[in-house]
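Please open the structure in your viewer and keep the selection tool at hand. The tour below moves from one selection to the next and says what is there at each stop.

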Amino acid sequence: MKRMLILGFVLVLSAAIALAADPKPIAGKGDKALLFDLGGLATLAAGNYGGGLGAKYFIGSDLALRFSLGYRTSSQTDKNTQDPLPAGRLAESELTSTAFTIAPAITYNIAKSSAVAAYVGGMVSVTSSKDKREGNNAGLGVGFDAGESYRESTTTWGFAGILGVEWFPWENISFSGEYRLGYSHSSGETESSTTAGSVTVDGPSTWQIGLGSANSAALTLAVYF
């Protein structure tokens, strides 16, 4: 069944391309687009670009600024089942998590042929995350000790060179894929707090260099307007 659906999609796509006017790459000053991560044919769906909002704006002919912004926050509250509640114990324990990512980039089309544009560029990224547990000073697990808390925070920054292609099957719609050669560095800290005070400990510092396909081998869908 899945193979039939994929074959049907490919046939419809091929027919639409054959019937459509010959589209050209959009790359003029002032052109702009919203960006989405696009899964493969078996899971065809537009998702968050780089984990959040993605946009692209041409500041000059073939020269574009690209932007990705992600934000996430969540909270989990665990209830204390002890009844009656002992002294020095909390009625509930809350775990809160926040994460923020920003990743600007600049790209330049180095070649265009029919409906395809090849581009190069560079990007930087910063991700900051924090998890905090109330009621436990030894970790993020559930705890109900009054006046105690535990916090973990991590910051990751990096930069990468970009080599990619963008294909315009229809007017104002494109699919693109790219390789990135990048470097990233992560560091963090933990803070354990009690009624007597707090202790902060630096976490491990790590770095990595890698070359690979961006967005876990997913395509990028751009909708120009």
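The stops that follow begin with confidence, go on to paired strands and end with aromatic rings.

This is a predicted model, in which local features need pLDDT of at least 70 and side-chain atom pairs count only at pLDDT 80 or more, while totals for chains, interfaces and linings use all residues. Residues are numbered from 1 along each chain as its sequence is written, and side-chain values use heavy atoms, with hydrogens and water left out.

Colour the chain by pLDDT, the predictor's confidence in each residue on a scale from 0 to 100. The protein chain averages 88, and 85% of the residues score at least 70. Now select residues 2-12, where the pLDDT is below 50 and where the model shows six contacts beyond near neighbours in sequence; a contact means heavy atoms within 4.5 Å.

Next, select strand β7 (residues 116-134) together with strand β5 (residues 92-102), which pair in the antiparallel sense over eight bridges. Strands here are DSSP runs of E with at least two residues, numbered from the N terminus, and two of them pair if DSSP finds at least two bridges between them. Within this pairing, Ala99 stands opposite Ser129 in β7.

Then bring in β8, which runs antiparallel to β7 and is joined to it by 19 bridges. Return to Ser129, which stands opposite Thr154 in β8.

For the rings, select Trp157 and Tyr183, an aromatic pair that is tilted, at 5.8 Å centre to centre and 55° between the planes. Rings of Phe, Tyr and Trp (its six-membered ring) pair if their centres lie within 6.5 Å, and planes under 30 degrees apart count as stacked, over 60 as edge-to-face and the rest as tilted. Trp157 lies in strand β8 (residues 149-170) and Tyr183 in strand β9 (residues 173-194), so the pair ties together parts that are 26 residues apart in sequence.

Trp157 is partly exposed at 39% relative accessible area, and Tyr183, at 23%, is partly exposed as well; the term covers values between buried, under 20%, and exposed, over 50% (1.4 Å probe, protein chains only).

Technical notes
Helices (H or I, at least four residues) and strands (E, at least two) are DSSP runs, numbered from the N terminus.
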